[in-house]
Amino acid sequence: MATKENNELVIGIDLGTTYSCVAVWRHEHNRVDIIPNDQGNNTTPSCVAFTNYERLIGDAAADQAPINPENTIFDVKRLMGRKYTDSLVQEDKMMWPFKVVAGVDDKPMVVVKYKGEEKKFYAEEISSMILSKMQTIAEAYMGKPVKNAVVTVPAYFNDSQRKATIDAGVIIGLNIVRIINEPTAAAIAYALDKRNDCIGERNILVFDFGGGTFDVSLLTIEGKVFRVKGTAGNSHLGGEDINNRMMKYFVEELRTKNRVEISGNSRALRRLKSACERAKRHLSYAIKTDIEVDGLVRGFDWHASITRAKFEKINIDLFEECVKTVEECLRDAKMNKSRVHDVVLVGGSSRIPKVQQLLQDFFNGKNLCKSINADEAVAYGAAIQAAMLSEGISNVPPLVLKDVTPFSLGVSTKGDIMSVLIPRNNTIPVTKKRSYWTCTDGQLSIKIKVYEGERAKASGNNLLGSFSISIFPPALRGHPFDITFALNENGILSVSAEDKATGNEKKITITNDKGRLSSAEIDRMIQEARQYKSEDEKFIRKANALNDLDRRVYRIRSALNEEKINSKLSSKEKQDINLTICRATEMLDCLNQQDIGAIGECLKELKTILDRIMAL
Ligand code: ADP
Ligand code: MG
């Protein structure tokens, strides 16, 4: 697992499904700074776009999405660590305007057109691009390189999803020193916010309703120790689903009321989606909102309106599901709701009034905590955890953090029975050892299959990996051996088995069977990430040079319009100047074809002309 590079700064990154946020602990100021991006926004869309000219990440990508839907990738976190044939991937694919295909080992890949060529990317690569954007935002703010980060993931992210997140960091050379659960990070932020009145044990319920995911976590804070008592969640419940509900509603309304069919028209759907998202946000404080999309389809300007009541009606089952999940979380942790001291709202969708009302009713009218900025709390907490992992930082709030595993982990035993070594909600890191016996006489090897999940039937759970150890000499049935599970702070599992009689041991870190990237693939991606970065830089250099060109042409033209300058130039000089200007204008007209060298030459000539003119 990653270790820190060069004792350097560690930042906190909330790598969200729809929005990401980066924060840093400023020890000189004794506080966390949420770092604004180049547009001045505290959160950055988790969105990457490819065009004929360039690659765009964040706001720039999201802004051009309606005109380039097929090549604008969002929601990629949903693909992380999953197979193409996963039913959730198949379901999502139907709603996405970009193309997803099966790659090697059934790993999903997005397909885009970049600079006129078809390109395929794994989810880890797209995530790495978003991480690199967050890294760049932090570097610009701190004025120095940033190489280490704590990155948050949803509480129910399994082994392969956590590893895929770490791989995304590797691709761009960002050292992910720790993965923590998003609700845990939010609880850290909350505890810091309230640190003065945190006396005795407090039970905190973190309700994180974001763009693509919904997580509930129950934590107890006692003194300086955070303990996650339990988690529950739904990987497919968030603001995006609410947007989709609104879209379905309006697609139907357009069909019946306006006799306009837009399903299958990806440009129209994308524009409808942006309009729905805006309307949804508006309905969090207004009781009715108007929607307008000019030219939704050719020659048709669309106007509609929706009330908050209607909005609630079409989404009520999603909202109620949130409360059911809260109930489930409490039941799992065997805690009565009356024992919850604070209910903390996190995630953009937690701003929806109906959601707040249902939650408040469930807790018998209890006031909900909204003091933390819902969009920033996770990154805030990650930055505090990051500071705790940084060397040489003395004044970090001394919090000790304990997380739990979201799934039971075990092995299959005779009759396909799941034998659990580490139960769900066990605190991590943890090591558990258990003895098993062989089932047949003369068995030469033991195959160990490792699963995660809650089903009693082992094969009904998720197979993480398998390996064998040999028994030599062969023994009678009932021969004992030990299996040890070690789960580290990041929730990543290694398993070892030992034949006690012979001392023969085998140890593996579970590299799951779900097609984690091979090291050769990662190496290739590292190379490509460097290449994309340098292409981006080249593009920016070229764009800047062309801007300079434009400015110089403009200045020369205005100077030539001044009689006192014009009259002092010979006609040969004027002819030469006009020729250079013509060349420059041609360059500005066909932006993509120019090479930077030619632009540089032209810039130099323009500078000479300007110097000459200024001297007149
Ligand atoms: P994630 O962490 O999943 O990326 P966030 O916590 O940043 O998500 O929340 C993003 C979601 O919150 C988006 O779906 C967005 O539409 C929704 N959202 C943001 N503000 C509001 C609001 N005022 N009312 C309703 N939904 C909102
Ligand atoms: Mg989030």
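**Helix H13**

I began in helix H13 (residues 571-589), where Lys-572 and Asp-576 sit four residues apart, so about one helical turn separates them. Their side chains meet in a salt bridge, at 2.9 Å from N to O. I noted Asp-576 as partly exposed, since its relative accessibility is 35%. A reminder to myself before going on: this is a predicted model.

**Other salt bridges**

How many salt bridges does the count come to? I got 31.

I looked up Glu-277 and Arg-281 next, and found them in a salt bridge with the closest N and O atoms 2.9 Å apart. Both belong to helix H7 (residues 266-282), and because they are four residues apart there, the separation is about one helical turn. For Arg-281 I wrote down a relative accessible area of 44%, which makes this residue partly exposed.

Then I turned to Asp-332, which forms a salt bridge with Arg-424; here the closest N and O atoms are 2.8 Å apart. Which parts of the chain does this pair link? They are distant ones: Asp-332 lies in helix H8 (residues 308-332), while Arg-424 is in the loop between strand E21 (417-422) and strand E22 (427-428), 92 residues apart. I have Asp-332 as partly exposed, with a relative accessible area of 31%. Arg-424 also counts as partly exposed, at 26% relative accessibility.

My last stop on this theme was a network of salt bridges that links Arg-26, Glu-28, Arg-31 and Asp-33.

**The E16-E17 hairpin**

I moved on to strand E16 (residues 288-297), which runs antiparallel to E17 and is joined to that strand by seven bridges. The two strands form a hairpin with two residues between them. In the turn I checked Gly-299 and found a positive phi of about 70°. Val-297 has Phe-300 of E17 as its bridge partner.

Which face of strand E17 (residues 300-307) is covered, and which is uncovered? I listed Phe-300, Trp-302, Ala-304 and Ile-306 on the covered face. Asp-301, His-303, Ser-305 and Thr-307 make up the uncovered one.

E16 contributes the largest share, three residues. Glu-292 is found in strand E16, and I recorded this residue as exposed, with a relative accessible area of 52%.

**Strand E11**

Is strand E11 (residues 148-153) mostly covered or uncovered? I found it mostly covered, with six of its six residues buried. Both faces are covered: Asn-148, Val-150 and Thr-152 are buried on one side, and Ala-149, Val-151 and Val-153 on the other.

I then looked up the strands that pair with E11. Strand E1 (residues 10-14) pairs with E11 in the parallel sense over five bridges, and Asp-14 stands opposite Thr-152. Strand E12 (residues 175-181) also pairs with E11 in the parallel sense, over six bridges. There I noted Asn-175 as the bridge partner of Asn-148.

**Leu-358**

Buried or exposed? Leu-358 is buried, because its relative accessible area is 18% and the cut-off for buried is under 20%. I also checked Val-323, which is 35 residues away along the chain: the C-alpha atoms of Leu-358 and Val-323 are separated by 7.1 Å.

Notes:
Residues are numbered from 1 along each chain as its sequence is written. Chains are lettered from A and ligands numbered from 1 in the order in which they are written. This is a predicted model: local features need pLDDT of at least 70, side-chain atom pairs count only at pLDDT 80 or more; totals for chains, interfaces and linings use all residues. Side-chain values use heavy atoms; hydrogens and water are left out. Buried means under 20% relative accessible area, exposed over 50%, partly exposed in between (1.4 Å probe, protein chains only). Two strands pair if DSSP finds at least two bridges between them. A salt bridge is a side-chain nitrogen of Lys or Arg within 4 Å of a carboxyl oxygen of Asp or Glu.
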